[in-house]
Amino acid sequence: MATKIYIVYYSTWGHVATLAEEIKKGADSVPDVEVTVWRVPETLPEEVLGKMHAAPGREDHPVITASQLAEADGILFGFPTRFGMMAAQMKAFFDSTGGLWQEGSLAGKPAGIFLATGTQGGGQETTALTAITQLTHHGMLFVPVGYTHGAGMFAMDEVKGGSPYGSGTFAGKDGGRTPSDAELALAAHQGKYFAGIAKKLNAV
Ligand SMILES: Cc1cc2nc3c(=O)[nH]c(=O)nc-3n(C[C@H](O)[C@H](O)[C@H](O)COP(=O)(O)O)c2cc1C
């Protein structure tokens, strides 16, 4: 049976959504893996989203409910940072997983993290690190990217998001920056790397 990978994200302006798509491409390149991209529910009213000039939710990425997480063999969670930690929308989604926690439904499943920040030093690492508490309480197995993407991870010749914790992008102060080629490449690598590990664990 195919290994089921869920990519579950929240994105206000689309940067995290773009990474999710790229991660999917990487994961799709692994045979016998079935990948689905999901959005978590929005918690802000339309009026507020309008004032924030939020991007419309992508219709090709359906909204997930907490109980559906249990169907996956591995889950990659993506979110923008808010004051150095995950956005409240993703936190609210995790807060709705109490039933899964009680049943231990996610225990032993691999999990990865990807994210966006506005700026360098804005939380590429703290946002990932503080999200590990969610995975830990569920007993999920955090799968970092480490330095598996090779020499490019050490290169200092350009500004780029992402870290050993997972892929990432910088949106820029006004959100006008789009993910760079290097950031997209790390995202695709993360998808492929994660899918390979999830597949191995699924076979055990
Ligand atoms: C209330 C608020 C708090 C934010 N806090 C941070 C922050 O601590 N560090 C940072 O680099 N960017 C911060 N940002 C910028 C967002 O992280 C950035 O716009 C987001 O990562 C873009 O991703 P998206 O297009 O997927 O929504 C903040 C944005 C908002 C609205």
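His53 sits in the loop that joins α2 (46–51) to β3. Helices (H or I, at least four residues) and strands (E, at least two) are DSSP runs, numbered from the N terminus. This is a predicted model: local features need pLDDT of at least 70, side-chain atom pairs count only at pLDDT 80 or more, and totals for chains, interfaces and linings use all residues. Residue numbers start from 1 along each chain as its sequence is written.

**Two loop residues**

His53 is not a glycine, yet its phi is positive, about 55 degrees. Phe83, also not a glycine, has a positive phi of about 55 degrees. Phe83 belongs to the loop between β3 and β4 (85–86). Are these residues buried or exposed? A residue is buried if 20 or more other C-beta atoms lie within 10 Å of its own, exposed if 12 or fewer, and partly exposed in between, with C-beta atoms placed from the backbone. His53 counts as exposed because it has 9 C-beta neighbours inside 10 Å. Phe83 is exposed because 9 other C-beta atoms lie within 10 Å.

| Residue | Phi | C-beta neighbours inside 10 Å |
|---|---|---|
| His53 | about 55 degrees | 9 |

**Helix α3**

Which residues of α3 are buried? They are Gln89, Met90, Phe93 and Phe94. These residues lie on the same side of α3, because they cover an arc of only 140 degrees around the axis. The arc is that of the directions from the helix axis to the C-beta atoms. An α-helix has 3.6 residues a turn, so residues three or four places apart point the same way. The cover over the buried residues of α3 includes β3, β4 and α5 (124–138).

Met90 is part of helix α3 (residues 88–95). Met90 counts as buried because it has 25 C-beta neighbours inside 10 Å. Leaving out residues up to four places away in sequence, Met90 touches Tyr10, Val40, Phe77 and Phe79. Contact means C-beta atoms, placed from the backbone, within 7 Å.

Methods
Two residues are in contact if their C-beta atoms, placed from the backbone, lie within 7 Å.
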